[in-house]
Amino acid sequence: MEHIRTTKVEQVKLLDRFSTSNKSLTGTLYLTATHLLFIDSHQKETWILHHHIASVEKLALTTSGCPLVIQCKNFRIVHFIVPKERDCHDIYNSLLQLSKQAKYEDLYAFSYNPKQNDSERLRGWQLIDLAEEYKRMGVPNSNWQLSDANREYKICETYPRELYVPRIASKPIIVGSSKFRSKGRFPVLSYYHQNKEAAICRCSQPLSGFSARCLEDEHLLQAISKANPANRYMYVVDTRPKLNAMANRAAGKGYENEDNYSNIRFQFVGIENIHVMRSSLQKLLEVNGTKGLSVNDFYSGLESSGWLRHIKAVMDAAIFLAKAIMVENASVLVHCSDGWDRTSQVCSLGSLLLDSYYRTIKGFMVLIEKDWISFGHKFSERCGHLDGDPKEVSPVFTQFLECVWHLTEQFPQAFEFNEAFLLQIHEHIHSCQFGNFLGNCQKEREELKLKEKTHSLWPFLLDDREKYSNPLYSSSSQRFAVLEPNTVSFNFKFWRSMYHQFDRTLHPRESVCNIITKMNEQNKQLEKDMKDLESKISKHKNEEIDGVLTKELLHSVRPESPTLKTSLCYKEQTVLPVNDTLRTIEGSNPVDNRYSEYAEEFSKSKPAVVSLEYGVARMTC
Amino acid sequence: MEFSELIRTRQAQAELLSGPEAPALRGTLCVTGHHLLLSPKPQATDLWLLLLRSVDSIEKRVAGDSGTITLRCKDLRVLQLRIEGVEATLDVARSIEGLRLGDAWHFHPLESYYKRVALETDAWRLSEVNEDFSLCPSYPRVVIVPRAVDDAALARSARFRQGGRFPVLSYHHARSGTALLRSSQPLIGPKKLRCAEDEELLGAVLAGARPGAQGFIVDTRSAQTAKQARMTGGGTESKAAYPGWKRLHRPLERGRHLQESFVRLVEACGDLEQSMDQWLSRLDSCRWLAHVQEALSTACLAAQGMEREGACVLVHGAEGMDSTLLVTSLAQLILDPLSRTMAGFQELVEREWIQAGHPFQLRCAHSAFSHARSKHEAPTFLLFLDCVWQLGRQFPLSLEFGEGLLLALFEHAYASPFGTFLCNSEKERCLCEVRTQTHSLWSGLNQSKEQRKLRNPLYVLNPSALWPSVEPQSLRLWQGLFLRQTRPPERSEEVWEKVWQIVTDEKTEDSRPVVSAPEPQP
């Protein structure tokens with residue numbers, strides 16, 4: 001609270017991001033310990049969590065006041081105009097302080113109180129049990145076992161305590177291999193395909209330099225391929241571009257030499273590193289934040305940002321994994337440099353293609369817990385939870401979510417969850433409201449005592465299950481057992497619902513998903529009503545048969561049925577108003593759209609020639 | 001276009017004589033789409049039925065306050081119907097006459113549209129000045145024009161407009177009391193000619209609209225091009241000559257450039273090997289989506305002029321047969337809830353494209369793969385369909401028809417076993433006897449068994465105007481069309497089917513427990 005100097009500023013204007021005519025809403029801005037709140041004259045509230053703020057910018061003073069631009073990690077961009085420069089300066093300074101915390105303990109999760117008692121909180125944390133998940137996959141079994149080598153985080157600090165390795169890999173081999181791998185991240189099991197007996201394993205790059213070898217590491221790889229009785233060889237997938245991997249050799253790192261490892265097939269898949277991804281997203285956001293963007297600028301901007309190219313690269317790598325297992329029955333070992341960014345993307349996406357369980361709401365949570373949280377994707381650094389090195393920030397997890405979204409677009413019936421679910425998860429990797437994504441690895445999370453001090457996100461998402469369900473999901477369909485997406489370039493689209501989440505005017509005005517969900521619910525309700533009525537009818541019928549039906553009873557039956565009927569009718573009637581509220585009228589107004597600005601010429605009583613030239617200028621620029 | 005359109009009267013009291021020996025059958029006569037019904041008693045179950053298709057010839061006679069219709073059937077039966085009321089007799093006869101031919105060619109969208117306009121205002125009249133196509137070869141026989149302007153003035157205005165396309169009513173917006181008109185460019189030429197009747201016509205439009213209404217002329221060419229057109233005898237309205245009218249220029253791509261854009265887009269969509277960058281750069285450079293954006297925002301502008309500014313809007317380009325129709329038809333779709341229904345949209349296409357003289361034969365002679373490049377091809381109609389598709393994506397509940405109908409229209413515009421899209425104008429269609437020699441696409445579509453593919457299961461009437469977003473982020477490539485070759489459509493069809501199932505609640509049909517006991521009767 002010591003950072004807050006001004007808690008309330010009146011007469012603040014909120015500018016429309018895409019309006020070219022400086023359209024704005026006037027309201028009051030409040031600054032609380034956790035949120036920035038704007039209430040406009042229609043009492044509509046805009047809440048911005050301090051942790052969501054990526055940057056605050058104070059622009060040059062204008063006649064109407066001091067502009068303050070806030071960019072959020074969830075891609076919300078707000079542009080305020082504060083009447084007094086002093087107020088603006090105070091808010092600016094406060095937000096700078098509040099949005100960048102130095103200590104974990106100051107994050108929202110440590111003060112967030114959703115009114116859960118301790119046992120509820122504990123149950124929330126126990127909702128996802130990874131030991132259970134490995135059991136579901138079918139390990140341990142005769143080829144794979146649980147290793148206790150990292151029980152005390154002695155071999156690798158960024159791995160979880162419980163790791164699954166080939167049964168024939170002894171502890172000395174594991175220890176030896178870990179010394180030969182960057183950050184000690186030796187090859188371990190990520191996903192086991194029970195039918196094919198093939199595995200997806202993950203690790204970091206070997207410290208091979210130009211010629212170094214490690215027998216233990218070679219043994220461990222051999223053990224992995226031997227754990228797959230169906231195929232002699234295994235794939236080693238280096239997710240980096242070849243050039244980057246070669247450059248690493250000069251630093252004593254690098255990639256596996258096929259000559260030293262028996263029966264491996266080595267493959268580069270060429271996903272760029274976190275720095276390239278960060279600047280790619282930056283470019284993308286610059287392009288689509290432009291006012292009065294033309295179609296051509298949009299597509300050339302989309303192209304030059306390279307964003308969709310990167311998404312396709314990740315997807316292609318995941319498909320490579322799925323094919324190796326399904327078609328060739330081969331196990332795959334995936335790594336990048338440290339094995340926590342691209343490796344997490346590719347392993348999790350590959351598993352998602354192979355296993356329909358991960359396409360359920362619960363399964364997707366398990367997948368994130370397993371391949372991202374437990375294997376040490378550095379959420380805090382990548383999302384910039386604390387005031388740290390901006391070079392460590394990168395939208396790696398966002399890319400994963402986008403790949404999943406592309407899959408939901410290609411396979412609309414294969415996923416139990418909908419787009420809102422993905423957006424909600426994205427919201428919370430940055431919100432620091434729940435403990436799940438805090439810290440960079442399991443060891444750090446244990447030290448922070450997150451399970452005692454914070455809450456888990458997953459039970460809250462499960463409580464809202466209906467909101468996140470895909471009404472078209474068909475769970476039984478065998479056709480979607482293994483997804484085989486088509487990655488021809490034109491199957492990749494700009495994800496408007498993510499990068500323009502808060503720009504309501506850009507979205508479809510009516511939501512199909514909502515309406516179908518509502519209809520489904522309604523159908524269920526009607527079915528239930530029908531069953532109730534039928535049971536009532538048969539009850540009365542039985543009574544009649546039993547001869548209990550007296551004249552009085554009959555009278556009691558008759559008045560009842562009309563009321564039942566009306567109650568049914570009433571339900572049917574409620575359908576329409578429900579639909580009406582679902583219709584997002586927002587934006588469905590000429591004033592909200594860009595062509596309205598052209599039309600302002602209409603009302604101006606300018607000479608025709610002038611408005612004409614203005615029109616031409618607008619169309620060509 | 002529905003059979004129901006042809007039914008003038010549904011019921012009449014009649015007596016049927018099937019032959020000299022047979023007893024007369026008395027009762028209520030009913031005309032349906034396919035049958036003639038006679039039911040002797042109000043609740044009788046034994047109906048007399050006659051398939052209308054089996055009628056070979058029909059003869060009517062009226063005497064006093066009743067009439068007789070003689071039906072000679074193809075199976076050589078001769079039936080006599082005695083009907084009460086002269087009007088009823090004539091109506092029944094006309095209905096049978098229309099229906100027995102089994103096609104919907106007798107449907108005249110302009111007349112039926114005029115009926116609607118006449119209910120809203122009396123400022124417009126139906127003119128048969130073009131009855132013999134002498135005034136304007138590309139207009140239909142009848143057009144809707146301001147009541148205050150007589151046919152002679154129309155004839156002179158027609159001479160002042162390219163191809164004789166004088167300003168006619170395209171859509172009357174009842175809510176604001178304004179009108180949308182279309183025409184071709186005025187023939188001002190280098191000498192800055194004027195035409196009093198043409199000026200009078202546009203003046204009459206403003207006078208007949210809501211009091212104080214001003215007018216906007218949306219020229220679909222740039223100011224530069226419009227000015228240059230004077231050198232070849234064309235031009236655009238000058239402000240001084242048309243008081244109350246203001247001009248706006250919204251250049252829309254047409255002709256060869258539009259065709260090239262289409263060809264390049266289809267080429268890009270067929271290349272499976274290209275990298276992401278190549279694809280995006282080709283999508284960008286073919287400019288198709290930019291054309292979609294321009295068309296949609298111009299239509300929005302015209303619609304907004306009417307709805308928000310309460311102004312009358314006249315749209316024209318050069319010939320007024322391409323981008324003009326694109327703008328007027330889209331503007332109606334935005335404003336008019338009726339044009340978003342299945343029947344209304346078909347009527348719109350018939351009225352604003354086919355009858356309005358979009359030269360389908362010339363424009364759709366070749367599609368995107370042909371190497372033959374004549375200068376007349378242009379996918380203007382396809383651009384219209386694409387814009388409608390974009391509207392449908394942004395307002396998924398507000399259109400009664402689905403992507404299936406748009407795809408069907410696209411296919412039939414380029415090649416069709418039906419006669420609807422044949423020829424370039426009404427005049428040609430009359431000369432070629434399209435009406436008698438071919439079948440109508442509309443009856444074909446409406447009888448098709450695949451109604452589910454054509455209709456939108458989620459449709460709910462939306463009485464308000466649809467204002468789409470025209471930001472590039474909101475526009476999408478129409479995958480169902482442009483990527484149909486490379487993307488199997490099954491998956492989206494399956495989803496469509498599933499939505500239908502949910503909407504019609506079919507699943508419960510199967511799982512519904514059989515009701516064993518009937519409701520106890522008190």
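Rings of Phe, Tyr and Trp (its six-membered ring) count as a pair if their centres lie within 6.5 Å; planes under 30 degrees apart are stacked, planes over 60 are edge-to-face, and the rest are tilted. The views below come from a predicted model, in which local features need pLDDT of at least 70 and side-chain atom pairs count only at pLDDT 80 or more, while totals for chains, interfaces and linings use all residues. Residues are numbered from 1 along each chain as its sequence is written, chains are lettered from A and ligands numbered from 1 in the order in which they are written, and side-chain values use heavy atoms, with hydrogens and water left out.

View 1. Over all chains, the structure holds 51 aromatic pairs. The rings of A:Phe75 and A:Tyr499 form an edge-to-face pair, because their centres are 4.9 Å apart and their planes stand at 65°. This pair links distant parts of the chain: A:Phe75 is in the loop between β6 and β7 of chain A, A:Tyr499 is in helix α18 (residues 496–499) of chain A, and 424 residues separate them. Helices (H or I, at least four residues) and strands (E, at least two) are DSSP runs, numbered from the N terminus. A:Phe75 counts as buried at 7% relative accessibility, and A:Tyr499 is buried with a relative accessible area of 1%. Here buried means under 20% relative accessible area, exposed means over 50%, and partly exposed lies in between (1.4 Å probe, protein chains only). A:Trp144 and A:Tyr192 also make an edge-to-face pair, with ring centres 6.4 Å apart and planes at 65°. A:Trp144 lies in strand β8 (residues 144–147) of chain A and A:Tyr192 in strand β10 (residues 188–193) of chain A, so the pair ties together parts that are 48 residues apart in sequence. A:Trp144 is buried, with a relative accessible area of 0%, and A:Tyr192 counts as buried at 3%. Elsewhere, one aromatic cluster includes A:Phe364, A:Trp372, A:Phe379, A:Trp458 and A:Tyr468.

**View 2. Helix α1 of chain A and its packing.** Chain A contains 22 helices and 14 strands, and 56% of its 621 residues count as buried. Helix α1(A) (residues 85–99) has 15 residues and should span 21 Å at 1.5 Å a residue, which agrees with the 21 Å between its end C-alpha atoms. The expected span is 1.5 Å times one less than the number of residues in the helix. Among the buried residues of α1(A) are A:Asp87, A:Cys88, A:Ile91, A:Tyr92 and A:Leu98. The buried residues of this helix pack against β1 (8–15), β2 (24–31), β3 (35–40), β5 (53–58), β6 (66–72) and β7 (77–82) of chain A.

View 3. A:Arg342 belongs to helix α10 (residues 342–354) of chain A. A:Arg342 is buried yet has no salt bridge, and the nearest side chain of opposite charge, A:Glu272, is 6.1 Å away. A salt bridge requires a side-chain nitrogen of Lys or Arg within 4 Å of a carboxyl oxygen of Asp or Glu. Leaving aside residues up to four places away in sequence, A:Arg342 touches (heavy atoms within 4.5 Å) several residues, including A:Thr239, A:Pro241, A:Glu272 and A:Cys336.

**View 4. Strand β14 of chain B.** All 5 of the 5 residues of β14(B) (residues 312–316) are buried, so the strand is largely enclosed by the rest of the structure. B:Cys312, B:Leu314 and B:His316 cover one side, and B:Val313 and B:Val315 the other. Strands pair if DSSP finds at least two bridges between them. β11(B) and β14(B) pair in the parallel sense over 3 bridges, with B:Leu180 opposite B:Val313. Strand β12(B) (residues 215–219) also runs parallel to β14(B), joined by 5 bridges, and B:Gly215 is the bridge partner of B:Cys312.

View 5. Most residues other than glycine have a negative phi, and most peptide bonds are trans. A cis peptide bond joins A:Val139 and A:Pro140, with omega about 0°; A:Pro140 lies in the loop between α3 (130–137) and β8 of chain A. In chain B, B:Phe133 has a positive phi near 60° and is buried, with a relative accessible area of 7%. B:Lys192 has a positive phi of about 55° and is exposed, with a relative accessible area of 55%.

Key
Lys, Arg positive; Asp, Glu negative; His and termini not counted.
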